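Hi everyone, thanks for making time. I'd like to walk you through one structure today, so please have a look at the screen.

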Amino acid sequence: MSACLCDLVTPVDNRIEVLILQHPLEAQEAKNSVALLALGLARVRLEIGERFDAQALSEWLGAGAWLLYPQTPMPPTSPQAVENTKFRLLPEPSAEPCRAGSGAVTRLVALDATWRKSLKMLHLNPLLMALPRLALQDLPPPRYRAMRRARRADQLSTLEAVCTALAQLEQDAARYRPMLDGFERFIARWQARAAR
């Protein structure tokens, strides 16, 4: 009961579908934010693995899939790393579905793993490498640092990154605010348990 998330879940009717590919080690992590994200979003698919069957992955991706990932991933120690992890989202105000750059975004793909493991997942799954990429811009302050160590100030949890991307693409930050508020309560609850 102490780990129950039911009272933290806020259902959100996201317009853009979300596919989360979660590394198996993250699935076992009690502090992972994907559990809360998957329970809250109306249009979400969660698959756990490191290397995925190409045919199954192709079906999950469908048309209009964009990967939420930096254009040129660099080691966190690189001086260019922070700049290259800023995404440039270019939504069209009245677009349905939403657009980023030159193609309609119908599905947002997020890798839930450490940076190193997510890069390995990319290389093990050529279909992911071929996807157009979105990167975040105008990042909110990270909430997750109280629970997990981050090397840079712009590193967000998967829940924060997905909510930020969806809010920017759909141009509706208010829609995702309750989910982020639930995540803040999740963090506060975890901190209270850790302090005992």
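Let me start with a question: what share of the contacts in the chain with a separation of 6 or more comes from residues 24 or more positions apart? In this predicted model, the share is 79%.

Now the overall layout. The chain has 196 residues, and 43% of them count as buried. You'll find eight helices and seven strands. The accessible surface is about 10,100 Å², and carbon and sulfur atoms hold 53% of that.

Let's pick out Leu159. Beyond its neighbours within four places in sequence, Leu159 is in contact with Ser33, Leu36, Leu37, Met179, Leu180 and Phe183.

Finally, please find strand S3. Ala65 and Leu67 point one way from S3, while Trp66 and Leu68 point the other way, and all of these are buried. S3 pairs with S6 in the parallel sense over three bridges, and Ala65 has Arg107 as its bridge partner there. S3 also runs parallel to S7, residues 133–134, joined by two bridges; here Leu68 stands opposite Leu134.

That's my tour, and I'm happy to go back to any part.

Technical notes: Residues numbered from 1 in each chain as written. Predicted model: local features only at pLDDT ≥ 70, side-chain atom pairs only at ≥ 80, totals over all residues. Heavy atoms only, no water. Helix = DSSP H or I, 4+ residues; strand = E, 2+ residues; numbered from the N terminus. Buried < 20%, exposed > 50% of the residue type's maximum accessible area, 1.4 Å probe, protein only. Contact = heavy atoms within 4.5 Å. Areas by Shrake-Rupley, 256 points an atom, 1.4 Å probe, with all protein chains shown as cover. Pairing = 2+ DSSP bridges.
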